[in-house]
Amino acid sequence: MNIPLLRSTFDVVRQDTETFTRAFYGRLFAVYPQVSPLFKDTDFDSQRKKLAASVAAVVSLVDKQDGELDAVLDKLGVLHGEIGTLPEHYPMVAASMLATLAEVLGDGWTPEAADTWSTALTVVSQKMIDAQAAAA
């Protein structure tokens, strides 16, 4: 995984997280309507901010060796388990995230950027799934 590329591409997203998160959730619900019930009581202004903050935390902690990223992902995994997120939902979220990144980054969405983000999302998803399973 190319951590500098992960960070530089997220810096583009960070310039307008409102647009990014709106596009992400719009795509997620359009392509995977089966996840919509998980969000039935959601305040989306708050949810979009939480998503942006979570992605920012992962990007900033990805190369830290102190276990802080694992702690963040464990907490997120448990919380997502409590709302009914299933392991099969994670690839849906990842696919929607990758497609939204491609849209937002335009020419900056290179094969290497796609591979870096795909790897990062796979690692994040698996850590959250593992934490969710451990808490069950």
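The lining of the second largest pocket draws at least two residues from each of α3, α4 and α6, helices here being DSSP runs (H or I, at least four residues) numbered from the N terminus. Among these contributors, α6 gives the most, with 4 residues. A pocket is an open set of points on a 1 Å grid over the protein atoms alone, where a 1.4 Å probe fits, with protein on both sides within 12 Å along at least five of seven lines; lining residues have an atom within 4 Å of a point. The model is predicted, with local features needing pLDDT of at least 70 and side-chain atom pairs pLDDT 80 or more, while totals for linings use all residues. Residues are numbered from 1 along each chain, and side-chain values use heavy atoms, without hydrogens and water.

Of its 16 lining residues, Val62, Lys64, Leu69, Asp70 and Lys127 are the closest to the centre. By class, the lining holds 8 nonpolar, 2 polar and 6 charged residues, where Asp, Glu, Lys and Arg count as charged, Ala, Val, Leu, Ile, Met, Phe, Trp, Tyr, Cys and Pro as nonpolar, and the others, Gly among them, as polar.

Turning to the largest pocket, about 870 Å³ of space lies within. Its lining comprises 34 residues, of which Gln47, Leu51, Leu76, His80 and Met128 are the closest to its centre. Two or more lining residues come from each of α2 (17–31), α3, α4 (68–82), α5 (89–105) and α6 (111–135). The lining divides into 23 nonpolar, 7 polar and 4 charged residues.

Terms used:
Points joined across faces, edges and corners; volume = space filled by probe spheres on them.
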